[in-house]
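I am opening these entries to keep track of how the strands pair and what surrounds the ligand. The structure comes first, and my notes follow.

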Amino acid sequence: MVRRIPRGEAPLRSLSCIHDLARRAKRRIPAFAWGYLDGGSGEEGGLRRNRERLDSVLLKPRFCTGVRPDCSAELFGRRYAQPFGIAPVGMGGLLWPGADLALAAEAKRHDLPMVASTVSTTALEDIAQAAGGNAWFQLYASRKPEINRDLLERAWAAGIRVMAVTVDVPMAGDRRRDVRNRFVLPFRPGPRFAWEVLTHPAWALATARHGSPGFPNLARYSGEVDGQTLTAFISSQIKDDLGWDDIRHFRQLWPGKMLIKGILAPEDAALALDAGADGIWVSNHGGRQQDSAPAAIDALAAIRAEIGPGPVVVMDSGIRSGEDMARARVMGADFVFSGRSFYYGAAAGGQAGAARAVELLASDLRRTLTQLGCPSWGALDGRWRWDGRDSP
Ligand code: FNR
């Protein structure tokens with residue numbers, strides 16, 4: 001079948017990096033959806049810092065090694081074909097209708113983890129099915145213990161074995177682009193919304209075909225609260241006084257592996273391990289929560305130094321290429337994630353765009369390890385960091 005390409009639009013295969021996919025996505029989706037996907041909090045210092053600090057990590061190439069690198073990675077007793085996964089993204093169906101399932105299918109095809117968000121627009125059971133054993137679940141803790149219990153039981157019943165509790169949203173971030181775009185609760189579509197929809201026909205058509213996105217993971221509980229919209233219900237439900245005792249409680253409820261997502265302070269990493277976590281997910285939420293937050297790559301180095309080489313540490317926030325992944329690896333990450341890279345892809349081209357994002361990241365990682373003369377992701381460590389002294 002010949003895919004119709006809008007006039008003047010280059011085919012997806014000619015887009016050569018995640019930034020190209022982002023530019024395409026920006027054109028294809030309404031401004032409020034782009035602002036929600038791309039934006040950070042406050043003056044977006046946390047967002048910029050992620051990029052700047054990743055760029056500051058230099059890698060030392062070694063030649064004449066003849067290596068053909070093995071990019072697979074072991075995590076929690078399982079080997080994935082790639083050392084990267086798809087981070088949880090809420091309201092993904094608003095960015096591109098069907099984005100969650102498109103990405104879940106790519107996670108299955110390329111054998112990488114995909115994390116279903118509590119507030120995803122696709123039911124966690126459907127993501128689990130489409131991802132074929134590669135799905136994880138991300139929990140935003142509810143104030144109601146019975147909702148948390150039920151969500152975790154559903155995730156387990158769906159075959160999910162890895163769960164991440166997100167701790168870095170005690171309050172909504174100061175998302176100024178959302179405020180400027182009037183993409184705030186309660187959402188009231190005005191003339192500008194109508195204009196945006198009209199001027200983005202591919203997005204509008206796809207949305208009309210899929211129906212407007214909801215929150216299927218939580219819809220079944222909303223009946224408990226009279227007279228509230230579902231979105232108001234969700235914002236009133238997120239537990240804003242989460243403590244380490246709650247984490248201990250989730251530890252008892254969840255028989256699988258448990259990560260704590262959103263850790264930046266080395267002290268918190270130690271507390272999370274004390275509370276029974278199987279791993280630390282270093283993240284500044286992609287710069288979406290705090291303007292003055294440290295870059296995740298700096299927090300990663302500090303956390304590794306604090307907790308030593310043993311515990312599992314995964315990292316996200318700013319990863320846009322295989323080189324970024326290698327940077328995170330030499331600073332101590334066992335595995336990396338990205339949210340935006342994949343949703344830029346889905347927004348740029350639906351299923352084909354999702355596939356392109358994964359292919360670009362995987363091929364760039366292979367190129368990077370080859371360029372470094374490093375035989376495998378497992379072998380890549382601080383010896384490949386350019387500091388002018390060590391050599392591998
Ligand atoms: C997110 N993130 C997120 N995290 C989480 O734990 N639950 C969620 O529902 C969401 N939702 C969400 C929506 C959007 C649009 C974005 C961009 C991000 C954060 C996400 O899991 C991850 O930490 C960041 O996306 C990583 O940064 P990069 O790769 O996007 O720079």
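I looked up the bridge partner of G279 in β9 and found V312; strands β8 (residues 279-282) and β9 (residues 312-315) pair in the parallel sense over four bridges, where pairing requires that DSSP finds at least two bridges between two strands. Helices (H or I, at least four residues) and strands (E, at least two) are taken as DSSP runs and numbered from the N terminus.

I am working with a predicted model, in which local features need pLDDT of at least 70 and side-chain atom pairs count only at pLDDT 80 or more, while totals for chains, interfaces and linings use all residues. Residues are numbered from 1 along each chain as its sequence is written. The chain averages a pLDDT (the predictor's confidence in each residue, from 0 to 100) of 94, and 94% of the residues score at least 70.

Is β8 covered on one face or on both? I find both faces covered, with G279 and W281 buried on one side and I280 and V282 buried on the other; buried means that 20 or more other C-beta atoms, placed from the backbone, lie within 10 Å of the residue's own.

Strand β6 (residues 162-166) has five of its five residues buried, V162, A164 and T166 on one side and M163 and V165 on the other. I recorded that V165 stands opposite I260 in β7, within a parallel pairing of β6 and β7 over five bridges, and that V165 also stands opposite L139, β5 and β6 being paired in the parallel sense over three bridges. The chain crosses from β5 through α7 to β6 in a right-handed β-α-β crossover.

Last, I checked the ligand, which 23 residues surround, the closest being A87, G90, G286, G339 and R340; a residue counts here if its C-beta atom, placed from the backbone, lies within 6 Å. α2 (31-38) and α17 (340-372) each supply at least two residues of this shell.

How values were computed. A residue is buried if 20 or more other C-beta atoms lie within 10 Å of its own, exposed if 12 or fewer, and partly exposed in between; C-beta atoms are placed from the backbone. A crossover is right-handed if, with the strands pointing away from the viewer, the path from the first strand over the helix to the second runs clockwise.
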